[in-house]
Amino acid sequence: MAFFQVFVLSIIIVGSLGKSFGIRRLYVNFLLKIFEYGRVNIETAKKSRYDDVSAETDDEASLTSQTSIAAAEPGQKVMVNGNGFLGKPQPNGNHLISRDPLILAPDAEYQSTKKEPPRKISSSSDEFNAEEEKNFEFNLENCLDYVKAGMEAIIEDDVTSRFEAEELKNWNLLTRTNRHYEFISWRLTVIWMCGFFIRYIVLMPLRVLICFFGVAWAVVSFAIIGCIPMRRLRRRLNDEAFKITFRLISNSISAVITFHNPEFRPRNCGFCVANHTSPIDISILSTDCTYSLIGQRHGGFLGVLQRALARASPHIWFERAEAKDRLAVAQRLRQHVSNPRNPPILIFPEGTCINNTSVMQFKKGSFEVGGVIYPVAIKYDARFGDAFWNSSRYSMMQYLYMMMTSWAIVCDVWYLPPMFRQEGESAIDFANRVKSVIAKQGGLVDLMWDGQLKRMKPKKEWRQKQQEEFTKRLKGE
């Protein structure tokens, strides 16, 4: 018991200092070997079952083929696919949908770069006149692009699929990603049971204990620091207490973080802009740098942290009604960045969590204020645990429970060179430029859609713009 207490205490102390014994990385590398062993077992069992089924159906398929060929009319071709069955060949795995991103875009301005040349109704004139408009004939081909885009959206929606857990190529021995593979062989069953015991009986209690220490440290340390009258000393102590708090919280989910390009780490003032996958994005980034946070006031677990943080440093918390007032938000942001001593503000412009595969539309608010933008790309390795928070399906406590019962949270963080708004560049164009840089570095899909479609219907303005664009296509403009 004494050894266990010393072990836990050493983990807490070393982790709070940003150091590591290297145990977590060895643990992660060992897990990769276990996953690979499981993949080989699953593929071997599948192949064995497939061979058994093929052996049973070969005779029947051969007899069916011979009967069909004998019954065919002279000159008629009979096709037998690769599995020995009559009919069409099996698909080769290629994607059937090749999307045109400029059709049915959320804003008509995205379609401006792809316009068909005007169709001339009359060969004797280069422009439409009133008589020609009356004689205008509708061609079905004018709307085929829209019909195709609509069918593609029904088959494979580009938006709602971004709010589901990332699909894994190989099973990672977690129950929530279970495909009944744990009973495919007795060896895999034993490994799965051992893993279940380790995650729930050993790791989860230890992680809860470390998380409790992290929250307790935040409440006590920030309360004390907030009472210090000397600003310079208070700011320096706050920097250390802030990092220690989130290092402990990150250790409670066995986070293994790799930071790239530390020379571009955000400095004082300005905005740190990152893609958003999970609430733990804040913990991941805050282990290496001190930030001012902005967001809506919460209750429960998040509320405790918010109130503790606000006692010692300049964070910006809004009430729900106040957060809808864009002018008030912009004013408070300007006041914050105008003081060079304030830490950079950490902002997730998407406004909602996306499933670690894509980056969706950035809100332009933080790009209108001015100042330097520090782009940061975050990419999680879903093999060890899915960091994506589907807030419409899981509560915060359910999400934390899943994080603490995952194998680990492994991620890469890339600091990117600071970016500034160019002369004559609109806030929307600047936001899209920053989003494109983040998506490219993180290997994410750059989408133009608003992430709030997760909760609301498309805006009326979008429908009107699409109607106007469709009218122009019909007229050949």
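**Close-up views of aromatic pairs and helix packing**

**View 1. Trp 192 and Phe 196 in helix H5.** Trp 192 and Phe 196 sit four residues apart, about one turn of the helix, and both belong to H5 (residues 186-225). Helices are DSSP runs of H or I with at least four residues, strands are runs of E with at least two, and both are numbered from the N terminus. The model is predicted: local features need pLDDT of at least 70, side-chain atom pairs count only at pLDDT 80 or more, and totals for chains, interfaces and linings use all residues. Residues are numbered from 1 along each chain as its sequence is written, and side-chain values use heavy atoms, without hydrogens and water. The ring centres of Trp 192 and Phe 196 are 6.0 Å apart and the planes meet at 45°, so the pair is tilted. (Rings of Phe, Tyr and Trp, the last by its six-membered ring, pair if their centres lie within 6.5 Å; planes under 30 degrees apart are stacked, over 60 edge-to-face, the rest tilted.) Trp 192 is buried, at 15% relative accessible area. Phe 196 is partly exposed, at 35%. (Buried is under 20%, exposed over 50%, partly exposed in between, with a 1.4 Å probe and protein chains only.)

**View 2. The aromatic cluster.** Phe 183, Trp 192, Phe 196, Tyr 200 and Tyr 401 form one cluster. The structure holds twelve aromatic pairs.

**View 3. Phe 35 and Trp 407.** Ring centres lie 6.3 Å apart with planes at 65°, so Phe 35 and Trp 407 pair edge-to-face. Phe 35 is in helix H2 (residues 23-71) and Trp 407 in the loop between helix H12 (396-404) and strand S8 (409-415), so the pair ties together parts 372 residues apart in sequence. Both Phe 35 and Trp 407 are buried. Arg 199 lies over the face of Trp 407, 5.2 Å from the ring centre. (The criterion: NZ of Lys or CZ of Arg within 6 Å of the ring centre and within 35 degrees of the ring normal.)

**View 4. H5 against H12.** The axes come within 9 Å and cross at roughly 120°. (Axes are lines fitted to C-alpha atoms, for helices over the stretch in contact; angles run from 0 to 180 degrees between N-to-C directions.) H5 and H12 are therefore oblique to each other. (Under 35 degrees is roughly parallel, over 145 roughly antiparallel, 65 to 115 roughly perpendicular, the rest oblique.) Contact residues (heavy atoms within 4.5 Å) include Arg 199 and Tyr 200 of H5 and Tyr 401 of H12.
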